[in-house]
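Here are some quick notes on this one, as promised. Have the viewer open while you read.

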Amino acid sequence: MTTLREFFAALLARRGALIEQSGGLVETVVPRDVAGPLGLGEHEVLSFDSDERAARRVTLDGELFGRCAGLLAGAGAFATVTASVQTPRIEKLDPGASGALALRNAAARSDRRETRALSHLLSCARYTATSNERHEGMIHVLVNEFTLSTRRLADPSVAIPGSAADGTLDAVERRGAADVGKAVAAAQAVAVRENLSGFVSSQERKLHRDLARVDDYFGMLHDEALRISERRGAAGDADRTAAKITAIDAERARKTHDIIASYRMRVSIEPVVFVRIETFAPVFWVEIRRRKGVRNVPLAYNPLVKALDPPACEGCLAPGGPFWVCDDRLHLVCNGCFAACPACGREYCAACHPGGCPACRRNAARATSSPAA
Ligand SMILES: [Zn+2]
Ligand SMILES: [Zn+2]
Ligand SMILES: [Zn+2]
């Protein structure tokens, strides 16, 4: 574990200070731009676990430690570690790679296996949902940057290796940042929806309760106005009653609208920290055959959590399966990404056509380009 003295010495050294440590003391010459915000002189002797009276004492609950937060802002938002984790011998692993890849309309067989350098990106984010009340929490997602497979972690520390290896790995293969970002966002959206399901239903219950109260109240006013008008009979002023009832109903509609607006939920997800963990990992190549096409897709064993990374849908990046295999490019897609177009009924692959149904788009393009008859 890092002691407060080590943390301070490292932080100051990182910001260009000269550091001399002896016993529980740190003697330092601090650059002016760092000394100022910390309230330090340019030359200081800091005491951590020493009784030296001439030194400035630093404690966890002290003012000086509190001021460090300013120096740390933004630091650590992205870190890379090379993990030295025990990778099981690949020839001993039998993850049933072809079984893990469940396909609905194609055959798969385990082709070859290899160990390669790859990376996982751990993303920790804070989400906030605001409607009539507020709900917030953290979401931790681990993405395999080579296969784009994602998994949700309850405890992010399981992905952080106990010991880091020296240096970095060469030839770490990964997908582009845009693809990795999409995978993170897709997994976060699913996780946040899961986390919020209880909050959403409680808000729905409260919304219905509030709407029922408004209905009861204005229903009562409405009935009351009718009753009074009936009691007055022909002597009453029918126009005045009608105007009163119209006003009551308009007020009910306005109140109902306001209540629904006050329960409208806004959800935001804000990244807190990313940690890229580079390791060697066993990768199984699975050969997929569909009609005349053949394609090899990687399935990676995750040495951080000691399990096979679940393959991801190439349309929406949701992990799992079983998958459909598309005819054109043999994409692996989930039910939702291989569904019939609601407008024309044609089945299409969302990975091949991320912009939507190709037939409808063709028709729409034809309609807009053809001159008006
Ligand atoms: Zn999908
Ligand atoms: Zn269509
Ligand atoms: Zn496709």
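Predicted model: local features only at pLDDT ≥ 70, side-chain atom pairs only at ≥ 80, totals over all residues.

1. The protein is split into domain 1 (4-75), domain 2 (80-194 + 268-307), domain 3 (204-264) and domain 4 (339-369). Taken over C-alpha atoms, the centres of domain 2 and domain 3 sit 56 Å apart.

2. Now for helix 5, residues 177-232. At 1.5 Å a residue, its 56 residues should span 82 Å, and the end C-alpha atoms are 76 Å apart, so the two figures agree.

3. Which residues of helix 5 are buried? They are V180, A183, V184, A186, A187, Q188 and A191. As for their partners, the buried residues of helix 5 pack against strand 6 (107-130), strand 7 (134-144), strand 8 (150-153) and strand 9 (266-290). On spacing, an α-helix has 3.6 residues a turn, so residues three or four places apart point the same way.

4. After helix 5 comes G233, which has a positive phi, near 60 degrees.

5. Then there is helix 6 (residues 238-262), which packs with helix 5 at an angle of about 175 degrees, the axes being 10 Å apart. That makes the two helices roughly antiparallel. If you want to colour the contact, the helix 5 side includes L207, L211, V214, F218, L221 and H222. Among the residues they meet in helix 6 are I245, I248, D249, R252, K255 and I259.

Conventions:
Residues numbered from 1 in each chain as written. Chains lettered and ligands numbered in written order. Domains from an automatic or database assignment. Helix = DSSP H or I, 4+ residues; strand = E, 2+ residues; numbered from the N terminus. Expected span 1.5 Å × (residues − 1). Buried ≥ 20, exposed ≤ 12 C-beta atoms within 10 Å, placed from the backbone. Contact = placed C-beta atoms within 7 Å. Axes fitted to C-alpha atoms, helices over the stretch in contact; angles between N-to-C directions. Parallel < 35°, antiparallel > 145°, perpendicular 65-115°, else oblique.
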